[in-house]
Amino acid sequence: MAQAAPKAQLGFLGVVNVAGTGFVGGLLVTNQLGRPLEFQCTTPVKPNRTQEILYGPTLTSFVCAELIGKTLFERLQVKPQLIVCDQLEMLALRSVISLPVALILPKSAKAEEGTIRAGAHQLRLHADFVGDLEVLTEIAKSFPGDADLIEPLERVREALQETLRAGAAA
Amino acid sequence: MSGTSTLDQAQGLQPLGLGDDAIITCAAALTLNAPGIHITGMNSALQRPPMVSAEAKVLLNAVGFVPSWRPSWGKVRTFGLTFPAGIELIPVKPEEPGQEDASALKRIAPEKPTKEEVDGETAKRTKIRPPQDALSVQDRLFFLLQPPLENWLKGQELIMPFEPFQYQYEGIGWLFSQKAALLADEMGLGKTMQMITALRLLLRAGQVRRVLLVCPKPLIPNWQREFKMWAEEIPVTTVEGDGHRRNITWRMPGAHVLLANYEVVVRDYQTMIAEAIKNGHNLRDGLGRRTEVECQTFIDGEPVGQTFLSAQGDQQADKNVCPTGLSQPEAPCPLPQFDLVVLDEAQRTKNRDSLTARTIRSIPRRRSVCLTGTPIENRPEEMSSLFEFMGVIPPGANPDIRQLSQLSKEFILRRTKDLVMTDLPPRLDRDEIIELSTAQRVAYDAAEKEGIMKLNEMGDELSIQNVFELVLRLKQISNYDPLTQESSKLERLQADMEEIAASGGKAILFSQWTKTIDWLEQRMRPYGCLVYHGGIPTPKREPILTKFKNDPDSHIILMSYGTGAVGLNLQFAGYVFLYDRWWNPAVEDQAINRAHRIGCKSQVIVSKFICKDTIEERIDKVLNEKRDMFRRVLGEGDNTNASLSLSAGEIFGLFNMKARTPKGNKSIRPAAPAKDAA
């Protein structure tokens, strides 16, 4: 029988870069068991040539985190307690929102300082926000031990593909 | 710049940074030192460092670009959806170990970790796919963003007593997404469990809040039991009792799942429809389509007459139109409305003009699901009635075979044991060809001779009923001779039961007649015989099944096809006897599948008693021919379902006779030579 675990709401942020179309982002909020509560996604964001030159290697991080991630977060009606992502560039989102952002590390990653175990994964937080570790430790208590945090991100990407297909058909 | 280069090399001077114009001026003076210039008294002066001064000059024209750049991005446009809140159901406290009755049942899959989990591989996931009729992005995203069923059901939020099979996951996901669905899995593959689990998910996801489940009366306890096992947290309210109590139940708020039998639904809705029409409501069918609504009058619970009331014209349509449930909240409907209506054994509504089918279609609802292992019992057209209930064809439409086939692909999900249960123990059918005893043979021959003679004497007055009566008479003699009580079948049965009882096995025996069952009961007492047929009051039926399951001395249960053939789970029985044969192999298959279904751990031996050189042998041949013929209707893999009961012509044909028609005799089916029969 299910234990009465504390409730948590998690945000899963995914961005895909489609050649010729641009960056499309989606943010899915679920409860601690993966049930969807809200989903927000963007229309494609395509940097122009000047932006590509001037932002250089920081372009992806800026677009994914500060432009798309921040916008999606602000649109949410159901606010999560944690944003989970699997792209390093997304960690920069933490600088522009007041919520912990956790990066899912590869399975081969070992536990080290600044990382924490949650569900079936090792998570890393933004190095500049040391207080997030404590917050995440508390939230992680609500996860089932084998919680798969990658799977919701797959849902996000599948949903983004669907919106792109719908946009192309329209 | 060449001038600057010459200066640097010749004078070792560094650029002064005064701008290009200044440097060029300076360079022009120094080039006088170059070879080829006349040496004069001024040479020493020329070798002195020049006096250089700089001054700022205002450019004549402003520069043509902005010296600074501010990052500017267009507004990011977003699109989103919020998921409806589901019903919060209170989890049921776990029972003490050993207290749960289900512990005695067989798990359909082991609880231990799967191979994928052990190996660290990604376990298989069943995603809910959007239905074909979901056109908007929002609708499609709703389904795509649902978690895989394995995650949803793995014991975190919803407790599953047993791990479903992969095909069951797929069926659950399909039922979750379809607004109109016919789940036609072969008997024994777990339609009930799939439907209950889909209901759990629909309630949790806020897709339905009020559900009506209609089933044959004998199956009410079965559904109650299955709900308790698979979804204990869902309160199920059975519509029963006197009229006043039922009326309260129909309208009881907060009842998420109502369970009712067909007869109760027909009776109560007919009463409510009559009241609604009397009060000036303009009725449509349950999906809001204009159609004729039939009202039958009941007095003291008995039907006394029928009235056909047509829906009124369009001019009044928007005032008191009823129903269609939740899509028209502004039109208060006097009939109980549901988000979902589920018909179990939906073939009960195969005759679209029957009162049952008409009434069922009038139930206001948004989603419609049919469950049946036999979507076609007699004619492919029977599916039209189910499709009309599901709302996939207009009222009264008659799709042809090609259209039915197209609709089937979209709205019917059917799996057979051959396809999905490769590890289910085999079912071994054996035809027990039995010689009649001497006394039986004499009685049989005399009855047949006399019967045919009488039929021939009837001339044009001969009806199918007369022939049918003779068939029944001969079948009864094949069971046992009423005069001498002799029965070859009984002798065979007793011999088999000796072995079964000695080995601790259990057997189910089906017969068409309760009279035969009662006759057999006395003779089967040494084997702990139990009886289960329509004459047994409903409250007494469950204890009989429980005793049969748990009492080690109870080795046989005698059942009638009508009561025992559907919905019961008797997979602990390893033997099935068909003491006499039903007219329709689909019904026989349903009966056999009480034992041969998920959970059975050993092979099921099915013995079909057929008396040699009797009407039984002839009927068996005809049915086998028909089974082969209709195997094609639902696909090559379907070897059990599609079949026909005997038509009038075929019943006449059993005696090499021709069916009578108003225009004279018409041969419907010539008697097949024995060598051609299957």
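How many residues of chain B are in contact with chain A, and how many residues of chain A do they meet? The legends below refer to a predicted model.

**Figure 1. Contact between chain A and chain B.** In this close-up, 24 residues of chain B are in contact with 31 residues of chain A. On the chain B side, β1 (78-82) and α5 (137-144) each supply at least two of the residues that touch chain A. The most is given by β1(B), with five residues.

**Figure 2. Strand β1 of chain A and its pairing with β2(A) and β4(A).** Strand β1 (residues 9-18) and strand β2 (residues 22-31) of chain A run antiparallel and are joined by 10 bridges. Within this pair, Gly25(A) of β2(A) stands opposite Val15(A). The hairpin has three residues between the strands, and Gly20(A) takes a positive phi near 85° there. β1(A) also pairs with strand β4 (residues 82-85) of chain A, in the parallel sense and over three bridges. Leu82(A) in β4(A) is the bridge partner of Leu10(A).

**Figure 3. Overview of chain B.** Chain B contains 25 helices and 20 strands. Of its 678 residues, 40% are buried. Among contacts between residues at least 6 apart in sequence, 70% join residues at least 24 apart.

**Figure 4. The six-stranded open sheet of chain B.** The strand order is β13-β18-β17-β14-β16-β15, and the pairing is parallel. At the edges are β13 (427-434) and β15 (530-532) of chain B, each of which pairs on one side only. From one strand to the next the twist averages 20°. Edge strand β13(B) is joined to strand β18 (residues 604-611) of chain B by eight bridges, and these two strands run parallel. One bridge pair here is Ile433(B) with Ile610(B) of β18(B).

Figure 5. Helix α17 (residues 438-458) of chain B has 21 residues, which at 1.5 Å a residue should span 30 Å; the end C-alpha atoms are 30 Å apart, so the two values agree. Its buried residues are Gln440(B), Ala443(B) and Tyr444(B). An α-helix has 3.6 residues a turn, so residues three or four places apart point the same way. Gly459(B) follows the helix and has a positive phi, near 60°.

**Figure 6. Packing of α17(B) against α18(B).** The cover over the buried residues of α17(B) includes α18 (464-479) and α19 (488-502) of chain B. α17(B) and α18(B) pack with their axes 9 Å apart and at an angle of about 175°. Because angles over 145 degrees count as roughly antiparallel, α17(B) is roughly antiparallel to α18(B). Residues of α17(B) that make the contact include Gln440(B), Ala443(B), Tyr444(B), Ala447(B) and Leu455(B). From α18(B), the contributors include Val467(B), Leu470(B), Leu474(B) and Ile477(B). Gln440(B), Ala443(B) and Tyr444(B) are the buried residues of α17(B), and they take part in this contact.

Technical notes. Residues numbered from 1 in each chain as written. Chains lettered and ligands numbered in written order. Predicted model: local features only at pLDDT ≥ 70, side-chain atom pairs only at ≥ 80, totals over all residues. Helix = DSSP H or I, 4+ residues; strand = E, 2+ residues; numbered from the N terminus. Expected span 1.5 Å × (residues − 1). Buried ≥ 20, exposed ≤ 12 C-beta atoms within 10 Å, placed from the backbone. Contact = placed C-beta atoms within 7 Å. Pairing = 2+ DSSP bridges. Axes fitted to C-alpha atoms, helices over the stretch in contact; angles between N-to-C directions. Parallel < 35°, antiparallel > 145°, perpendicular 65-115°, else oblique.
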